[in-house]
Amino acid sequence: MHWHTKLAQPQTLAAPGFESLATPTYRGSTVLFKKQADVVDDWNQAKNGYAYGLYGTPTTLELSGRIAQLEGAKHCFVVPGGQAAIALIYFAMCKAGSHALVPYNAYGPNKEMAQGLLKDLGIEVEAYDPMIGAGISELIRDNTTLIWVESPGSVTMEVQDIPAICKAAHERGAMVALDNTYAAGVLFDAFAHGVDISMQALTKYVGGHSDLLLGTVSVNTDALVEKVGKTFKQLGLAVSPDDCNLALRGLQTLGIRLAHLEASTLEVAEWLTKHPAVAQVLHPAFPSCPGHDVWKRDFTGSSSVFSFLFTEEYTAEQVEQFIDTLEMFKIGMSWGGVTSLALVYPNIERPGKDYAGRLVRLNIGLEKPADLIQDLEHAIQKISQ
Ligand SMILES: *Cc1c(COP(=O)(O)O)cnc(C)c1O
């Protein structure tokens, strides 16, 4: 054999039988079949055998299996990010002429897609008050195929009565999809509360180190596995096995990170509730957060993201200066990593409410809470002079 041929026809030389605690990173686009008759092009490789790297390598399917196990799902689709998960759900559940409902505090790019691509494709997405509960039934139409819930919602943190919304939806034959990113898929049991489709951005807590982008869509019935799977295949939502490997590593410490983040976050939030510069703390574990009672009923814990509102004495310019003065809290999007973050939302739109640039969202990381509190206090003092 010419050495060119040897290079193109590699043989496995390492001895088999290696066992370790880590999942290997399997890369591969082409999947080899034993004979022509075995060739298939099937996304459901877990069931029907490996077909093509686009649908995942064993590393991807290991991650998918572990997330499904954790969430109590029948199947989990791993996709390139949380936003890709949102898109997959819309495209699987809606077609031209469909009507969908999305809470007005949903993750911004979800609403952007509703008003952009989906509108252009003839899919109508209507915004609703996240605190509507069973009242959602009045908004459900004959062509309503999908109702989104996100709890707590982005930035303003309203906790939704998901069982009431699911009951109303199912009475009218609509499906409920949950953005379960805040709860990392574990602090709120989506399927036990009636949700049909649960997605999360693994980018946040499962990744946990601000270094990867991945999302998941989990479903619990054979019909939805088929329906979402068909769309998943057509959209070509391939993910990198290297990223899946990082997510598998992140999963190993998810439990202790969440527990630690919860305690630290409560400590910082508690301090803010007592601060004279603060008008309101929007953290689900505090009665000042809309839906606090529902959170107590339905969740097994809280995580690291919450918001607070400066009192009316502060101007938007001062609040911006507050953000810029913080040293330990970095300015940046995404969250769930080890480093604390702060952002102000100057243009946040919530019907009937004007936050006037005074609403700040914090993500608490793994620093000592006392150091974070000192940083907050220093910045508040600076803008109060
Ligand atoms: C970050 C986030 C997403 C999107 O995740 P990406 O992986 O960044 O695309 C979706 N929903 C919520 C609630 C998020 O916070």
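Reader: How many residues of domain 1 are in contact with domain 2?
Author: In domain 1, 32 residues are in contact with 34 residues of domain 2, where contact means heavy atoms within 4.5 Å. The model is a predicted one, in which local features need pLDDT of at least 70 and side-chain atom pairs pLDDT 80 or more, while totals for chains, interfaces and linings use all residues. Residues are numbered from 1 along each chain, and side-chain values use heavy atoms, without hydrogens or water.

Reader: Okay, and where does each domain run?
Author: Domain 1 covers 28–248 and domain 2 covers 254–384, with bounds from an automatic or database domain assignment. Taken over C-alpha atoms, their centres are 28 Å apart.

Reader: Switching topic, which residues surround the ligand?
Author: Among them are Gly-81, Tyr-107, Glu-150, Asp-179 and Trp-335, a residue being near if one of its heavy atoms lies within 4 Å.

Reader: Which polar side-chain atoms lie 2.6 Å from an oxygen atom of the ligand?
Author: Thr-203 has one at that distance from a ligand oxygen, and Lys-204 has one as well; a polar contact is a pair of N or O atoms within 3.5 Å. From Gln-83, a backbone N or O atom lies 2.9 Å from an oxygen atom of the ligand.

Reader: How much of the ligand's accessible area does the protein cover?
Author: The protein covers 88% of the 380 Å² that the ligand has on its own, by the Shrake-Rupley method with a 1.4 Å probe.

Terms used:
Polar contact = N/O pair within 3.5 Å; in protein donor to acceptor, adjacent residues only side chain to side chain.
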